Amino acid sequence: MATLGQEIKKARAELGWKQQDLRAATGLSQKYLSEVETDKVDPRVSVVRRIARALGVSLDQLAMRV
């Protein structure tokens, strides 16, 4: 079973985006996004919602992928 961070990274890669692209779309720092993708931090729901919106998926879709 994949982690939330792995699924975020996968969804980002499916768009052909680098972390810099996701940073620009979310306003979150690249360091923080890296920590989310490597599961070093447990992001708040509001942060996951912002990431999901930037990736063009619903929060439910992203959570269901985990």
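## Close-up views of a predicted model

View 1. Arginine 12 lies in helix H1. The structure shown is a predicted model. The relative accessibility of arginine 12 is 9%, so this residue counts as buried, the cut-off being under 20%. Apart from neighbours within four places in sequence, arginine 12 contacts Trp17, Lys18, Gln19, Leu22, Glu37 and Leu55.

**View 2. The salt bridge between glutamate 37 and arginine 12.** Two salt bridges are found in the whole structure. One of them joins glutamate 37 to arginine 12, with 2.7 Å between the closest N and O atoms. Because glutamate 37 belongs to helix H3 and arginine 12 to helix H1, the pair ties together parts that lie 25 residues apart in sequence. Both glutamate 37 and arginine 12 are buried.

**View 3. The salt bridge between lysine 31 and glutamate 35.** Here the side chains of lysine 31 and glutamate 35 meet, at 3.7 Å from N to O. Both residues are in helix H3, four residues apart, which is about one turn of the helix. An α-helix has 3.6 residues a turn, so residues three or four places apart point the same way. Lysine 31 counts as exposed, at 61% relative accessibility. Glutamate 35 has a relative accessible area of 22% and is partly exposed.

**View 4. The buried side of helix H1.** Helix H1 covers residues 4-14, and its buried residues are Gly5, Glu7, Ile8, Ala11 and Arg12. These residues lie on the same side of H1, because the arc they cover around the axis is only 165 degrees. Just after H1 comes glycine 16, with a positive phi of about 75 degrees.

**View 5. Isoleucine 8 and the largest nonpolar core.** The largest nonpolar core contains 13 residues, and Ile8, Leu22, Leu28, Leu33, Ile51, Leu55 and Leu62 have the most contacts inside it. At least two residues of this core come from each of H1, helix H3 (30-37) and helix H4 (45-55). H4 gives the most, with six residues. Leaving out residues up to four places away in sequence, isoleucine 8 touches Leu22, Val36, Glu37, Ile51, Leu55 and Leu62.

**View 6. The buried residues of helix H2.** Gln19, Leu22 and Thr26 are buried in H2. They cover an arc of only 60 degrees around the axis, and therefore sit on the same side of H2. The buried residues of this helix, H2, pack against H1, H3 and H4. Just after H2, glycine 27 has a positive phi of about 80 degrees.

**View 7. Lysine 40 and glycine 5.** Lysine 40 is in the loop between H3 and H4. With a relative accessible area of 65%, lysine 40 is exposed. Between lysine 40 and glycine 5 the C-alpha to C-alpha distance is 8.8 Å, although the two are 35 residues apart in sequence.

**View 8. Confidence along the chain.** The average pLDDT of the protein chain is 92, and 95% of the residues score at least 70. Where pLDDT is low, the predicted coordinates should not be read in detail.

Conventions: Residues numbered from 1 in each chain as written. Heavy atoms only, no water. Buried < 20%, exposed > 50% of the residue type's maximum accessible area, 1.4 Å probe, protein only. Arc of directions from axis to C-beta. Core = buried A, V, L, I, M, F, W, Y, C linked by side-chain atoms within 4.5 Å. Contact = heavy atoms within 4.5 Å. Salt bridge = Lys/Arg side-chain N within 4 Å of Asp/Glu carboxyl O. pLDDT = per-residue confidence, 0-100.
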